[in-house]
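Welcome! Let's take a short tour of the model shown here, one topic at a time.

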Amino acid sequence: MRPIQCTIPRRSLAIVAAVCAAAFAALAIYLWESPHRTAIERHITDAITSTTKDSAYRLFDAIGVFGSTGVVAVAAVVLAAFAWWWWRSLRLAVVCVLGPALAGIGQIVLKEVVGRPRPSTAVLSGESGFGFPSGHASGATALAVVIVLLAFAAFPPRHPLRAVAVIAAVVYTVAIAAARVVVGAHLPLDVVGAALLGTVATLVAILVLLPERATASNRARFAAPSS
């Protein structure tokens with residue numbers, strides 16, 4: 001077994017989770033009352049959304065595959081297996097799967113609750129049903145938060161690989177979110193809400209399953225000299 005090098009303070013995680021949850025709730029209520037495309041969304045979609053299956057559409061459609069349910073699920077299981085192999089931590093392994101799972105279930109339920117229609121351009125990609133929040137973007141964000149968690153657990157502060165992992169996670173999330181707007185499957189606020197949902201889902205899993213006292217005792221156990 002290998003020691004957990006560093007953890008993010010629970011207080012900070014709780015604050016971020018609370019802020020993201022409040023922002024998501026406010027956005028969901030706003031879109032429930034005013035489901036139509038906003039003026040800002042109109043400007044963004046008019047600038048970047050494809051109206052035909054051109055080269056840009058095909059590129060971003062391919063990128064979007066990496067945020068699909070199947071890909072996110074497989075990646076979460078792989079990360080869980082790695083967490084178990086590297087740290088022998090069942091709780092950490094469960095977090096790797098539970099975060100994306102909660103995001104996936106949440107987006108299915110909330111789509112029906114909010115009932116925001118997809119943009120008319122969704123016909124191009126064959127998408128149907130409601131659009132808020134985006135399933136691809138929520139799953140990708142949840143997976144990205146898991147990657148950040150493992151990076152903070154594996155590498156000490158200022159380690160270059162920690163920074164690389166965090167940057168890669170952010171780029172992955174932004175790429176999936178942008179792809180869903182470019183191919184016309186979602187409006188911008190759909191993916192913004194999804195990012196908030198994915199973050200909250202994984203942070204809740206972390207806060208419930210990884211108590212700070214257990215992590216602290218784990219570090220102390222590894223730090224104790226062998227007899």
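## The cysteines

Is C96 buried or exposed? C96 is buried, with a relative accessible area of 0%. Here buried means under 20% relative accessible area, exposed over 50%, and partly exposed in between (1.4 Å probe, protein chains only). C20 is buried as well, at 13%. The structure holds zero disulfides, a disulfide being a pair of cysteine sulfur atoms within 2.5 Å.

## About the model

This is a predicted model, where local features need pLDDT of at least 70, side-chain atom pairs count only at pLDDT 80 or more, and totals for chains, interfaces and linings use all residues. Residues are numbered from 1 along each chain as its sequence is written, and side-chain values use heavy atoms, leaving out hydrogens and water.

## Two helices meet

Helices (H or I, at least four residues) are DSSP runs numbered from the N terminus. The axes of α5 (residues 90-114) and α7 (residues 135-154) come within 9 Å and cross at roughly 160°. These axes are lines fitted to C-alpha atoms over the stretch in contact, with angles from 0 to 180 degrees between N-to-C directions. The two helices are therefore roughly antiparallel to each other, a term for angles over 145 degrees.

Contact means heavy atoms within 4.5 Å. On the α5 side, the residues that meet α7 include L92, C96 and K111; among their partners in α7 are A142, V146 and L150.

## A buried loop serine

S50 sits in the loop between α2 (39-48) and α3 (55-64). S50 is buried, with a relative accessible area of 6%. Leaving aside residues up to four places away in sequence, S50 touches A56, Y57, L124 and V182.

Definitions and conventions:
Angles under 35 degrees count as roughly parallel, over 145 as roughly antiparallel, 65 to 115 as roughly perpendicular and the rest as oblique.
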